[in-house]
Amino acid sequence: GKPVPSGQVTVPGRLELDNDCIRWELWGPARCVEISRTTLNEFVKLWSEDSSAALRFAKKWGVLLLEPVKGGYRPCGDGIPEGYEPIAAWQYYSRRACAVLNVAAALGQGKLGDLDDWKMITVVRPDDLESMKVGLESARKYGLPIFTGLPEKTKRQSAVDRGHDVIAQEIENWLCLWKARRMNGLSDFRLQWHPKAKRWELQIDYHGFLFAAIALQLMLAVAGADSLFTCSGCGLPYIRETKRPKAGNANYCGG
C-alpha cells in the first residue's frame, strides 16, 4: 500500500546556451536524478523567464531530448547522443503545461477559467481563421494537437463538465506524445525484484526522459494527487484523493 517509487531521468554531462538554444551532449559525467514534486513547479515557470532559467533547469533536471522533424520538434528522440533545443520550444511546452494547471484549477471551482489559458489549448472561436492558423502551426511544430472552440453547455453536459473532458484528453496527449516516434521502451512502469526484501516492487519508469516525467507529474497535479499508490488488494497503481495512508497499513483503490 505504499507510494509507487518515482523514476529517474538523465541529465547530460554537457549543457550550454548557444543562440537561444540549449546545446547538450550525453558524453561526459552524465548523471541520473529522481523526479520530485518540485520538478513540475519549476518547469511551468520557464515560459515567463529568460533563457538562463531554462539552462539552470536543464542542468538540474535534464533536457526534453527534442528531435528535429519536418517543420518542428518532438520530445524523447531515440538514441540521440547530442542535441540543440530552441528555448522557444521549451517555453511553449512550459506555457501549455501552466495553462492546463490553471484551467484544471478553475474547473475544480466550477468555472471555465482564463481565456488566455484556453488559447494555449484550443482555438477559442472556430471562425477566427488567424487564431486557427496559429494554433495549427503550433500543433505542427510541437506535436500537441489543439481543440476547437470553448466548451459549451449541451443537453447532457454543462460547459464545466465538457471542460473536464477537454483537460482529460489534453493530459492523454501529453502522456502519448513522447512515445509517438519510439519503437520500444513505451511502458510507464517496470517491475523490479528485491532479493533482500524477497518481493517485487512496481516502479514508475520514465526511461530517463524528462518529458515523460513532466507528463506524468502533470497528470498527478490535475488529479490533485502527490503520488501514485499501490493497491493492497489488486496490486495495481492508483491515484489516492484522500490523505496518505499510515505507514504499515493496507489501503485499497476501491475498484
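Start by selecting Thr-122, which sits in strand E8 (residues 122-123); strands here are DSSP E runs of at least two residues and helices are H or I runs of at least four, numbered from the N terminus. Before you click on, note that this is a predicted model, where local features need pLDDT of at least 70, side-chain atom pairs count only at pLDDT 80 or more, and totals for chains, interfaces and linings use all residues. Residues are numbered from 1 along each chain as its sequence is written, and side-chain values use heavy atoms, with hydrogens and water left out.

**Stop 1: around Thr-122**

Thr-122 counts as buried because its relative accessibility is 4% (buried is under 20% relative accessible area, exposed over 50%, partly exposed in between, with a 1.4 Å probe and protein chains only). Now show Phe-147: the Thr-122 side chain reaches its backbone oxygen at 2.7 Å. Leaving out residues up to four places away in sequence, Thr-122 touches Phe-147, Thr-148 and Gly-149, where contact means heavy atoms within 4.5 Å.

**Stop 2: the end of H6**

Next, pick Leu-177 in helix H6 (residues 159-177). With 9% relative accessibility, Leu-177 is buried too. Beyond four places in sequence, Leu-177 touches Arg-74, Pro-75, Tyr-93, Tyr-142, Gly-143, Leu-144 and Phe-211.

**Stop 3: the nonpolar core**

Select Ile-22, Phe-43, Leu-64, Trp-90, Tyr-93 and Trp-174, the residues with the most contacts inside the largest nonpolar core, which has 60 residues. Such a core is a set of buried Ala, Val, Leu, Ile, Met, Phe, Trp, Tyr and Cys residues joined through side-chain atoms within 4.5 Å. Elements supplying at least two residues each include strand E1 (8-11), strand E3 (21-25), helix H3 (87-108) and helix H7 (210-222). H3 gives the most, with 12 residues. Zoom in on Phe-43: neighbours within four places aside, its contacts are Phe-57, Leu-64, Trp-90, Tyr-93, Ser-94, Ala-97 and Ile-214.

**Stop 4: the cavity**

Finally, select Leu-175, Trp-178, Asp-188, Ile-204, Asp-205, Tyr-206, Ala-212 and Leu-216, which line the largest cavity. On a 1 Å grid over the protein atoms alone, a cavity is a set of points where a 1.4 Å probe fits but cannot get out, and lining residues have an atom within 4 Å of a point. Its volume is about 50 Å³, that being the space filled by probe spheres set on the points.

Terms used. Polar contact = N/O pair within 3.5 Å; in protein donor to acceptor, adjacent residues only side chain to side chain. 1 Å grid on protein atoms, 1.4 Å probe; cavity = no way out; pocket = protein on both sides within 12 Å on 5 of 7 lines; lining within 4 Å.
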